[in-house]
Amino acid sequence: MSSPPSKIPKKLVIIVVLGPTASGKSDLAMHLAQKYNGEVISADSRQVYRGMDIGTGKVTKKEMGGIPHHLLDVASPRKNFDVVQWKKKADKAVRNITKRGKLPIVCGGTGLYIKALVENIEYPDAPQNWKLRKVLEKKTTKQLFAMLKKLDPARAKTIDPHNPRRLIRAIEIVKHTGKAVPKKNITPQYDALLLGITKTDAELKKRIRARLLARIKKGMIAEVKKLHDHGVSWKRMEELGLEYKYIALFLQKKMDKKTMIETLETKIGQYAKRQMTWFRATPHVQWITSEKKAKTALRAFLRATQ
RNA sequence: GGGCAGUUGGCGGAGUGGUCAAUCGCACUUGACUGUAAAUCAAGCGCCCUUGCGGCUACGUAGGUUCGAAUCCUACACUGCCCA
């Protein structure tokens, strides 16, 4: 870590446990919380939704063993949640936990959320405009890119011209603010220790498969059915991705069970890869291979910052 | 035993005389990431090579026709359906 030892304005301290799916983040975070008087903040874009438990690997009340967990079940799966909302709540949780003299331990695999928190990213003040998006979604990426080029040439230079989702958001921002997309300013507000869990590809693959089968046994399919009964559309389920998407396809008889399981294995594996691509590019991560090493790193970090 | 259909790259599946190392989808590898991030998107993907409108080997096997074949002909092998 590059955090300078006790200089003038003391920053709040956070621990971040990150890594690909099925790498054992939750367990590690929990153990660290137990040992170092911490509380866990989930940095998971799907665990925020109520009723999405087994499929997201959300820790149960029992498993929490008295350790408070934040940012779980804070949104309806029928509605859209996003980084900005998450960051707001996470910042609040960090302050709150710190105030009570506990150590905030952020744990999750959603790289964007972690980045937003650690780097203190201020997103442009432009709410999502679904009406505009609906119109823009009908256009080709070429047309979108041409639009953006006119509205915000600077952003057009850096954006991926093939990615409709980004193009639409960029246009949405300019349309709303009337200005070009502002440059993000990075002024971290926390002293963060980033602990990354690594596993070999083979090991991760094995864990993904085992976990998938265990979840099915635990009633994950029934969970998806229940969500649908409670008004989560199949379309929404597809957006939610992975287990929710493919189990939804299975429940609609668009896919048989065997295919569903096989497909999920590969899709989850691909997801884990994408996560690693992101985390590899994340600065200041201390990659650890055992809980012992995590603890050593944590102690050193606390010594340096307190 | 007879008839018909088929055999293409890891898989599915186009191509039916030249511009085909071979459309496309999947998988795989690598990567991007300014409010959906479990999402969205990009590049690569026979072998060799520094390069190239480059070389080599390839479309079941073996021959043949042709200036030229994954594409036409013959035989063989295997697979599927139909008649015995």
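Modeller: Strands β2 and β4 run parallel and are joined by 5 bridges, one of which makes Cys107 in β4 the partner of Ser42. This is a predicted model, in which local features need pLDDT of at least 70 and side-chain atom pairs count only at pLDDT 80 or more, whereas totals for chains, interfaces and linings use all residues. Residues are numbered from 1 along each chain as its sequence is written, while chains are lettered from A and ligands numbered from 1 in the order in which they are written. Helices (H or I, at least four residues) and strands (E, at least two) are DSSP runs, numbered from the N terminus, and two strands pair if DSSP finds at least two bridges between them.

β4 (residues 103–107) is also joined to β1, in parallel, by 3 bridges, and here Ile15 stands opposite Ile105. Four of the five residues of β4 are buried, where buried means 20 or more other C-beta atoms within 10 Å of the residue's own, exposed 12 or fewer, and partly exposed in between, with C-beta atoms placed from the backbone. Taken together, 6 strands form an open sheet in the order β3-β2-β4-β1-β5-β6, with parallel pairing; its edge strands, each pairing on one side only, are β3 (69–70) and β6 (285–288).

Several of these residues return in the largest nonpolar core, which has 60 residues, with Ile15, Val16, Val17, Ala29, Ile41, Ile105 and Val106 making the most contacts inside it. Such a core is a set of buried Ala, Val, Leu, Ile, Met, Phe, Trp, Tyr and Cys residues joined through C-beta atoms within 7 Å. Apart from it lies another core, of 9 residues, among them Leu148, Ile168, Ile171 and Ile173. Leaving aside neighbours within four places in sequence, Ile15 is in contact (C-beta atoms, placed from the backbone, within 7 Å) with Leu32, Leu103, Ile105, Val106, Leu193, Leu195 and Leu298.

Ala22, in the loop between β1 (12–18) and α1 (25–35), has a phi near 70°, a positive value in a residue other than glycine, and Ala22 is buried, with 23 other C-beta atoms within 10 Å. Leu71, in the loop between β3 and α3, likewise has a positive phi, near 65°, without being glycine, and Leu71 counts as buried with 22 C-beta neighbours inside 10 Å.

Terms used. Two residues are in contact if their C-beta atoms, placed from the backbone, lie within 7 Å.
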